[in-house]
Protein chains: 2
Amino acid sequence: MLDILNSVLNKKKKLAIGLMSGTSLDGIDACLLEIEGNYTDTRINVIDFMTLDYTKEEKERIFKLCHIKTSTVDEICYMNTYLGNKMGQAALAVCQKAGVNIRDVDFISSHGQTIHHMPDQHSTLQIGELSNIAAVTGCVTAGDFRPSDMAYGGQGAPLVPYVDYILFSSKEKGRVLLNLGGIANITVLKAGGSEEDVLAFDTGPANVLIDEIVRIITDGEKAYDEGGKLASQGTIDEQWLDEIILNDKYLFKNPPKSTGREYYTKEFANGLYERGRIRGLSSHDILATVTAYTAKSIQLQLKSFVLNDCKIDELYVSGGGAHNQLIMKLLDQYIDAEVKNVSKLDFSGDAKEAIAFAILGNEFLSGRTNNIPNSTGSDRRVIMGKLALPTNNYIIPTAITLPQK
Amino acid sequence: MLDILNSVLNKKKKLAIGLMSGTSLDGIDACLLEIEGNYTDTRINVIDFMTLDYTKEEKERIFKLCHIKTSTVDEICYMNTYLGNKMGQAALAVCQKAGVNIRDVDFISSHGQTIHHMPDQHSTLQIGELSNIAAVTGCVTAGDFRPSDMAYGGQGAPLVPYVDYILFSSKEKGRVLLNLGGIANITVLKAGGSEEDVLAFDTGPANVLIDEIVRIITDGEKAYDEGGKLASQGTIDEQWLDEIILNDKYLFKNPPKSTGREYYTKEFANGLYERGRIRGLSSHDILATVTAYTAKSIQLQLKSFVLNDCKIDELYVSGGGAHNQLIMKLLDQYIDAEVKNVSKLDFSGDAKEAIAFAILGNEFLSGRTNNIPNSTGSDRRVIMGKLALPTNNYIIPTAITLPQK
């Protein structure tokens with residue numbers, strides 16, 4: 001193992017692929033990048049990025065795995081392998097797009113697809129078998145970071161703040177990094193602050209509820225609200241919005257905290273839709289109000305947990321939700337800071353999470369701790385991750401067909 | 001990572017713990033041993049062995065995870081962590097028993113608890129989170145071997161033949177190593193044969209059906225037939241035994257092949273019991289016949305797949321079933337070879353699988369391939385395993401309580 005790892009780890013500049021598949025179940029983000037150095041000396045150069053979309057059938061099957069009533073051990077077992085192969089294919093695809101030979105890639109680092117997350121019981125389940133990624137690509141593969149933090153009493157989330165801190169902290173400006181995936185999360189970087197000053201937590205729902213409402217009001221024709229166009233046609237029911245916010249207990253929990261599809265379920269979205277209908281709202285009004293829910297919940301929690309301690313100058317938004325013009329407009333309206341897309345930091349907002357997991361993998365392979373205990377609640381700094389080795393650099397053609405149940 | 005691994009891997013003699021928890025759901029076997037060298041130069045010295053039993057409740061909860069109808073994602077997620085912690089406790093317990101400080105242990109290697117195995121779809125699921133084992137013990141932890149073999153088209157089983165070959169092959173004698181866990185498996189080592197000559201496969205049921213029949217006939221009071229005492233009080237219904245054998249399609253499949261609880265289900269055992277009752281048999285007669293099923297299926301498959309090519313002088317039995325006197329008597333009667341307990345090779349039959357997984361971990365950490373493609377059906381030799389790192393050598397007290405559903 002030492003020989004294999006030496007050949008990767010003793011390089012000054014490593015070619016890496018970060019893989020991310022979020023709770024919004026869009027697909028697998030793959031980012032090809034160069035990484036130099038560690039911790040606050042980490043320097044990156046993004047070469048290419050792409051998303052290998054999940055098909056409708058894949059989404060449905062993964063969705064079933066995430067829910068207690070529809071999940072079964074055989075499907076979890078099978079989809080773990082299936083997604084591992086597909087994640088390997090995503091890595092091959094981003095190389096092909098960039099004209100880079102996969103054999104030149106030093107390592108892959110994969111978040112995996114979360115199918116369950118139980119922060120209070122320190123248990124989490126990400127699938128997308130690392131052994132399959134290693135076999136399909138012939139690359140050293142790191143991944144499965146969250147369980148390590150949880151083993152030391154952490155919530156296994158959020159993990160990106162470590163990367164936000166080492167890449168984006170500023171001596172002069174107070175910054176918030178906001179990622180709008182299925183769930184919304186923030187990293188607060190105090191001007192001139194240390195790692196111990198980093199505060200980060202999931203603020204609540206983002207696309208997870210918006211997408212579900214879109215599916216309901218378009219009869220399943222659309223999976224998401226492109227650019228926030230549908231929501232922008234509606235009017236926010238401010239009174240109902242306040243009611244929604246007040247009824248969401250998660251928003252009033254003290255950080256560190258994290259959440260997921262276990263809390264913001266399909267039934268949760270259905271309930272919102274039904275309530276909107278009872279209030280006599282149009283489909284667009286319901287969607288506008290649920291979209292505002294995301295922005296409002298962020299405003300509320302910045303006020304409750306952040307602004308007393310820390311001045312915020314800039315708020316940088318990344319993730320799929322950064323394309324939603326209504327969310328961006330509302331954030332600008334609700335929050336007293338410059339609201340910008342993270343691309344303003346020369347950093348692709350879509351690629352941000354995939355880049356983050358490549359960096360977490362780089363730290364893991366370097367034997368470095370890569371969590372922030374303040375953010376996750378763990379009792380110490382932890383070397384998060386697992387490692388799988390390829391057998392050799394010969395790529396096998398792996399069929400990734402999806403057999404019927 | 002290199003520093004951490006160097007400190008383990010550059011030692012001539014390593015102190016290791018192998019952890020095994022089989023399909024019979026008895027508990028977690030933990031073997032503390034010294035390992036020197038690699039491959040056919042591997043030398044071991046067993047220091048201590050113990051089994052940390054599963055409680056009745058733990059068994060029931062794991063059992064539910066193994067079955068499609070009763071499995072749910074939250075329980076799989078939670079029990080993965082729970083069992084990881086318990087496996088860590090088993091490692092601590094065997095050290096305590098031996099009077100060895102866990103901080104002197106160089107690595108742990110864990111098989112995990114199989115909750116599903118789909119050989120034809122190259123998917124398998126072992127739980128018992130490696131990150132938790134590493135956290136509880138503060139040791140470098142290897143494990144989760146089967147998915148790697150499957151990623152290269154293998155069945156992920158059997159894996160012990162690699163270890164049987166490097167430890168037990170003989171220039172003069174043809175040997176069969178038979179392990180009687182939940183499932184029975186054999187390794188055939190031709191006299192003077194090479195690794196390529198090794199033939200190994202699961203022969204079918206062992207304790208998985210016997211234990212279930214015992215549960216039925218004792219109304220759940222007993223979980224297994226100690227020493228085969230209950231079965232020895234019955235008479236084998238030879239005609240029915242032939243019928244059972246002829247109806248078991250698995251026995252007639254060509255190797256490489258593997259099987260599990262997915263095939264030899266609770267319903268399978270119930271069906272046997274009902275059929276025995278219809279034939280007017282006593283409880284003891286039914287148990288005797290089902291016990292003979294194991295021995296007879298081994299005889300049949302040695303005839304069909306082994307004896308044409310290879311003379312067998314000795315058959316060494318290990319695993320829980322080696323304590324069943326009726327099975328041992330029947331094997332002696334059915335098979336034309338010396339039938340002995342594997343302890344005759346100065347090797348504890350109970351500890352054999354735990355030892356085997358410690359050796360597989362040693363090969364993995366050495367960056368060596370550790371499967372036999374002939375046995376698993378994979379398209380090449382594979383470096384099987386995954387690695388999790390401890391954060392430091394300080395052991396946290398991890399509560400392993402089992403909350404109610």
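Trainee: Which residue in strand 8 of chain A stands opposite Arg175(A)?

Mentor: Good place to start! Keep in mind that this is a predicted model. The general idea is that strands of a sheet pair through backbone hydrogen bonds, either parallel or antiparallel. Here, Arg175(A) stands opposite Leu189(A) in strand 8 of chain A. Strand 7 (residues 175–180) and strand 8 (residues 183–189) of chain A run antiparallel and are joined by 6 bridges. The two strands form a hairpin, with 2 residues between them.

Trainee: In which sense does strand 7 of chain A pair with strand 10 of chain A, parallel or antiparallel?

Mentor: That pairing is parallel, and it extends over 5 bridges. To find one bridge in the viewer, pick Leu177(A), whose partner in strand 10 of chain A is Tyr316(A).

Trainee: Are the residues of strand 7 of chain A buried or exposed?

Mentor: Strand 7 of chain A has 6 of its 6 residues buried, so it is largely enclosed by the rest of the structure. Look at both faces: Arg175(A), Leu177(A) and Asn179(A) point one way, Val176(A), Leu178(A) and Leu180(A) point the other way, and all are buried.

Trainee: Now the sheet in chain B. In what order do its 5 strands come?

Mentor: The order is 9-8-7-10-11, in an open sheet with mixed pairing. Strand 9 (199–205) and strand 11 (338–341) of chain B are at the edges with a single partner strand each, so one side of each has no neighbour in the sheet. From one strand to the next, the twist averages 20°. At one end of that order, strand 10 (residues 314–318) of chain B pairs with strand 11 of chain B in the parallel sense over 4 bridges. There, Tyr316(B) stands opposite Lys340(B).

Trainee: Which helix lies across strand 7, strand 8 and strand 9 of chain B?

Mentor: Helix 11 (residues 283–305) of chain B does, running at about 145° to strand 9 of chain B.

Trainee: How do I read a helix such as helix 13 of chain B?

Mentor: The general idea first: an α-helix has 3.6 residues a turn, so residues three or four places apart point the same way. Then try the length. At 1.5 Å a residue, the 14 residues of helix 13 (residues 352–365) of chain B should span 20 Å, and the end C-alpha atoms are 20 Å apart, which agrees. Helix 13 of chain B is also mostly covered, with 14 of its 14 residues buried. Just after this helix, Gly367(B) takes a positive phi of about 70°.

Trainee: What about chain A as a whole: how many helices and strands does it have?

Mentor: Chain A has 14 helices and 12 strands. For 405 residues, a compact globule would have a radius of gyration near 22 Å, and the 20 Å of chain A agrees with that. Of those 405 residues, 58% count as buried.

Trainee: Finally, how many residues of chain B are in contact with chain A?

Mentor: There are 51 residues of chain B in contact with 52 residues of chain A. On the chain B side, the largest share, 7 residues, comes from helix 3. That side divides into 28 nonpolar, 17 polar and 6 charged residues. You can also see strands pairing between the chains: strand 12 (residues 386–388) of chain A and strand 12 of chain B run antiparallel, joined by 3 bridges. In that pairing, the bridge partner of Leu387(A) is Leu387(B).

Definitions and conventions:
Residues are numbered from 1 along each chain as its sequence is written. Chains are lettered from A and ligands numbered from 1 in the order in which they are written. This is a predicted model: local features need pLDDT of at least 70, side-chain atom pairs count only at pLDDT 80 or more; totals for chains, interfaces and linings use all residues. Two residues are in contact if their C-beta atoms, placed from the backbone, lie within 7 Å. Ala, Val, Leu, Ile, Met, Phe, Trp, Tyr, Cys and Pro count as nonpolar, Asp, Glu, Lys and Arg as charged, and the others, Gly among them, as polar. Two strands pair if DSSP finds at least two bridges between them. A residue is buried if 20 or more other C-beta atoms lie within 10 Å of its own, exposed if 12 or fewer, and partly exposed in between; C-beta atoms are placed from the backbone. The expected span of a helix is 1.5 Å times one less than its number of residues. The radius of gyration is taken over C-alpha atoms; the globule rule is 2.2 Å times the number of residues to the power 0.38. Axes are lines fitted to C-alpha atoms, for helices over the stretch in contact, and angles run from 0 to 180 degrees between N-to-C directions.
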